[in-house]
Amino acid sequence: MKLGIATVSISGNLGEKIDAIARAGFDGIEIFEQDFIADAAGPAEVRRRVEDAGLEIMLFQPFRDFEGLPKDLRARAFDRAEHKFDLMEQLGCDLVLVCSSVHPEALGGIDRAADDFAELGERAAKRGIRIGYEALAWGRHVNDHRDAWEIVRRADHPNVGLILDSFHTLARKIDPETIRRIPGDRIFFVQLADAPLIEMDLLYWSRHFRNMPGEGDLAVLDFMSAVMATGYTGPASLEIFNDQFRGGSPRTIAADGYRSLVALADDVKTRAPETVQPLPDIPPRAKATGTAFIEFASQQDEADALEALLRSLGFAEIGKHITKKLTLWRQGDIRIVVNRETTGHAGATWNARGTSVCDIGLAVTDADGAVERARKLGSEPFRQPLGPGELDIPAIRGLGGSVLHFIDEDSGLARVWDVEFTTNAAPHEGALLHSVDHIAQTMSYDEMLSWSLFYRTLFQMDRAPMVDVIDPDGLVRSQALADPEGRLRVTLNGAETHRTLAGSFLEETFGASVQHIALATDDIFATAQRLSGLGFAPLEMPANYYDDLSARFALSDELLAKLKAANILYDEDAAGQLFQLYSSTFAGGMFFEIVERQGGYQGYGAPNAPFRIAAQKRRMRHKAVPRR
Ligand SMILES: O=C(O)c1ccc(O)c(O)c1
Ligand SMILES: [Mg+2]
């Protein structure tokens, strides 16, 4: 299946759009008329540019307010069409999208519209052009693909076909299964867009809030599965009107679009393997079984301070790398690597961002499959020259300069610790922390969709509803992603201003992404006791917080006193309880969290976040970060 995207979906001028679209891997574009008119290059020049980029012009759009017009207006509409046919010839494009009329003088009537299209088809045929008719959700008389199809059917001309757009069908809650009764060869083109479910005017929703399939809440997979069941063999093309994307980076948006389309095509294939059209052959979504390691890039005093903090959290340095300046810290199943190399990826990360997480290792069931899938979705494989004795662990570049390694049992890569590290000491119980509960990434609000698409197209992960976190200096939006068994959990925090704790972290670290790491214990009170013996200084929570807890929850006085004494935060949901304990911030606003989940609690303590953030900000203002 050929993959396309409308130029309207990407920011920049036409040249920048074409460049970004080609780089992302698409086969072709829909030229949005405005993008062409605004450009200085004439049609022949644009055609050459598109061809030089290795793309084709799949569609010219939109041609508006054509059908159902009374006499004079009707004649003028045909003249306008001929004018566009001339242009299309020069562009080398043979398919035009006619969207259903919103003209105040347009008359209804299926047969009237069908007659108009039969005549337009006749004129188009003389020029080797095909006409595709699309029902806009807000069309004056035609706003349902079933009516558009009836018009196309009655026009009964080989050069007149239907164009389907997932937004118009799904936004009006029209059952996409109705598409299955349309013959595939009468569908000339398919446009895809998702959107978040928000109650608003259809036109406004469509022009400002569309997003990539998988980023929103519409049943785009049901829609596309129905399309493919018709035997449709044309392209799948994104048409995304989105305010944020218009202002975003052309390359990022194009890459997100490509990722989303490939993942959608793969999902269609998984659901209906008998589909006629060849769909991409890619490994299934990776199954993550946990976090294998977290690697920090750091140097000198900052690295010493980080290691002191790790020690105060109960970690032991259990090994050193055989050739590189890496120390391995361990507690339970948690492995943290401190990388003091001045070259390579860690060195570059340190130079750009200071102490920060430069690499995350994920345990997966099939490491090579995970890399292959990521590559097919447009990610770059990551490689560094291997030193003597080092294993080639499959890795990819994530977003924003991050690196993800994949480790699996089958390929023996889980042995990397024995092979590449000398052992100094046996792991010990430390503070009873046993695994990584979740990784919290901070980003600007505009980047949240990219990250959630990245994770959800690569791994089996579901989204929790977006929550608003109130920072004293602004709002941070938080979106949690987790695999069905809760073995890989990531929270994405989108900052809108640099004055929030999340925003100032981005500013201080020049866009690092991991801001905090949550470590799990099965007995937070025992952990707190051990931590206090290790000199760990927990974030202090105010008495107001505990007063309020006693009002919100039916807690015994004894439990409340224990929580307060240890600065432990508490939350409940229908399934269970959550206990949290925080470190103070270090290195530009990073921190550790300790959590105990009881009885299947699924959240992340969002109700506590405003109080935790306020406490962290108080501490940052009044105390220097303790370094030992
Ligand atoms: O918003 C519009 O006008 C518009 C134009 C062309 C399309 O294909 C579409 O889906 C919407
Ligand atoms: Mg459309």
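Modeller: The model is predicted, so local features need pLDDT of at least 70 and side-chain atom pairs count only at pLDDT 80 or more, while totals for chains, interfaces and linings use all residues. Residues are numbered from 1 along each chain as its sequence is written, and chains are lettered from A and ligands numbered from 1 in the order in which they are written.

Biologist: Which residues carry the feature "binding site"?

Modeller: UniProt, in an unreviewed entry, places it at His 438, His 516 and Glu 593. They are spread over 156 residues of sequence, yet they cluster in space, with a largest C-alpha distance of 9.3 Å. UniProt positions are in the numbering used here, feature names are shortened, and annotations may be inferred rather than shown by experiment.

Biologist: Why is His 438 called buried?

Modeller: A residue is buried if 20 or more other C-beta atoms lie within 10 Å of its own, exposed if 12 or fewer, and partly exposed in between; C-beta atoms are placed from the backbone. His 438 has 22 such neighbours, so it counts as buried. Glu 593 has 21, so it is buried too.

Biologist: What does His 438 touch, leaving aside neighbours within four places in sequence?

Modeller: Its contacts are Arg 489, Val 490, Thr 491, Ala 518 and Tyr 604. Contact means that the C-beta atoms, placed from the backbone, lie within 7 Å. On the same terms, Glu 593 is in contact with His 516, Ala 518, Gln 580 and Tyr 582.

Biologist: Where do His 438 and Glu 593 lie?

Modeller: His 438 is in strand 17, residues 433-444. Glu 593 is in strand 25, residues 591-598. Helices (H or I, at least four residues) and strands (E, at least two) are DSSP runs, numbered from the N terminus.

Biologist: What makes strand 21 largely enclosed?

Modeller: Seven of the seven residues of strand 21, residues 489-495, are buried, so the rest of the structure largely encloses it. Both faces are covered. Arg 489, Thr 491, Asn 493 and Ala 495 are on one side; Val 490, Leu 492 and Gly 494 are on the other.

Biologist: In what sense do strand 17 and strand 21 pair?

Modeller: Two strands pair if DSSP finds at least two bridges between them. Strand 17 and strand 21 have six, in the parallel sense. Ile 439 stands opposite Val 490. Strand 20, residues 474-482, pairs with strand 21 in the antiparallel sense over seven bridges. There, Ser 478 stands opposite Asn 493. The hairpin of strand 20 and strand 21 has six residues between the strands, and Gly 486 takes a positive phi near 70°.

Biologist: Which domains are assigned?

Modeller: Domain 1 (3-271), domain 2 (288-423) and domain 3 (433-622). The bounds come from an automatic or database domain assignment. The centres of domain 1 and domain 3, taken over C-alpha atoms, are 44 Å apart. Still, 11 residues of domain 1 are in contact with six residues of domain 3. Helix 11, residues 250-271, gives the most to that side of domain 1, with five residues.

Biologist: How many residues of each class are in the shell around ligand 1?

Modeller: Ala, Val, Leu, Ile, Met, Phe, Trp, Tyr, Cys and Pro count as nonpolar, Asp, Glu, Lys and Arg as charged, and the others, Gly among them, as polar. The shell has four nonpolar, three polar and four charged residues. Among them are Pro 62, Gln 61 and Glu 134. A residue is near a molecule if its C-beta atom, placed from the backbone, lies within 6 Å of it.

Technical notes
Contact = placed C-beta atoms within 7 Å.
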